[in-house]
Amino acid sequence: MSARIAAAVELAGTGGSAPDRLARAAAAVRAAKAAGASLVVLPEAYRPGDAHAAAAAGPAARAWMEATARADDVTVAMGYLDHDRCVLGVTTPNGAHTAYTKRFLSPDEARAWRAGTHPVIVETPVGRLGLLVCADVLQLSAWDAYVGRVDAVIVAAAWPDYRDRITTIPGVARPALGWLFRDSNPYREALLARAAVAVGAPIVFANATGPYRGAEGFSGGSRIYGADGTVLAAGALAVAPIVPGTPGAPLRHTPRWAAFTRVYRFAAAVRARRDAPSGSA
């Protein structure tokens, strides 16, 4: 087994032509390889770029991943849109490709994408990897299949910085809802640390950067968490060894976030039934 060194990369979530985006991704993979990484994780929906719409980017994404993994002798993980699915793909240096479909969609995403149905564990030269995409991490059931069964969990994300959205909420509602936008990123960071302990494995979290909607932007904050919940590396190119541990305390939400995740799932289910393309399951 090759050295278990992972890199979590930050790249712009939107903008740029397909060749430009893939050129930036290739440069990031080479930089991670130079830093010693044998596993490189890129953000959610990086090809063609984050948008709540269907896109037939799968074949081009998989071809690029296979060529890059072979040429640089690394395992590459990248988010891409495959028609009506938001996918996290993993390609090993021998060209083998495994795809995981995001299971817990936001209400906006549920209008265009079909939710995945099952967890995925992929065998790679750096060990067994559990796969998650962005808001999957908020649903405690998303982690269950990985507890004690993986060497690391990788997360591709396009998580915005929601703090500026507080100003869009009617003033009368801000006392009740302001916490959600203010605490989203800090809570995500704390939850991922606890998840690493619960699963007993490091977490490699790669998030998008750059403009999102209007004045908002993706929040970045790519990090690698150790199996004890400590932050091993953070930043635009976070590189650290991944060393499995043993499962710890079960993952739990605070009461307020537990209530939010239930509402979130219900709203997504309603939106999917109302707006999903005909024939979607």
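Author: The model is a predicted one, in which local features need pLDDT of at least 70, side-chain atom pairs count only at pLDDT 80 or more, and totals for chains, interfaces and linings use all residues. Residues are numbered from 1 along each chain as its sequence is written, and side-chain values use heavy atoms, with hydrogens and water left out. Helices (H or I, at least four residues) and strands (E, at least two) are DSSP runs, numbered from the N terminus.

The partner of β13 is β1, and the two pair in the antiparallel sense over five bridges; two strands count as paired if DSSP finds at least two bridges between them. Within this pair, isoleucine 5 stands opposite proline 241 of β13.

A residue is called buried under 20% relative accessible area, exposed over 50%, and partly exposed in between, with a 1.4 Å probe and protein chains only. In α1 the buried residues are Arg21, Leu22, Ala25, Ala26, Ala28, Val29 and Ala32. These residues cover an arc of only 160° around the axis, which puts them on the same side of α1; the arc is that of the directions from the helix axis to the C-beta atoms. Pro19 and Ala34, on the other side of α1, are exposed. The length of the helix agrees with expectation: its 17 residues should span 24 Å at 1.5 Å a residue, and its end C-alpha atoms are 24 Å apart. The expected span of a helix is 1.5 Å times one less than its number of residues. Just after α1 comes glycine 36, with a positive phi of about 105°.

Gly58, Ala61, Trp64, Met65, Thr68 and Ala69 are its buried residues. Viewed down the axis of α2, they fall within an arc of 135°, so they line one face of the helix. On the other side, Pro59 and Ala71 are exposed. Aspartate 73 follows α2 and has a positive phi, near 55°.

Six strands form it in the order β7-β8-β9-β10-β11-β12, with mixed pairing. The edges are β7 (121-124) and β12 (231-234), each with a single partner strand, so one side of each is left without a neighbour in the sheet. From one strand to the next, the twist averages 20°. Strands β8 (residues 127-133) and β9 (residues 152-157) run parallel and are joined by five bridges; leucine 131 has isoleucine 154 of β9 as its bridge partner. By contrast, β11 and β12 run antiparallel and are joined by three bridges, with tyrosine 225 opposite valine 231 of β12. These two strands form a hairpin with five residues between them, and glycine 229 in the turn has a positive phi of about 90°. Helix α4 (residues 174-199) lies across β9, β10 (203-207) and β11 (223-225), and runs at about 150° to β10. Such axes are lines fitted to C-alpha atoms, for helices over the stretch in contact, and angles run from 0 to 180 degrees between N-to-C directions.

Two cysteines complete the picture. A disulfide is a pair of cysteine sulfur atoms within 2.5 Å, and by this rule the count comes to zero. Cysteine 86 is in no disulfide; its nearest cysteine sulfur is that of cysteine 134, 8.1 Å away. Cysteine 86 is buried, with a relative accessible area of 1%, and cysteine 134 also counts as buried, at 6%.

Definitions and conventions:
Contact means heavy atoms within 4.5 Å.
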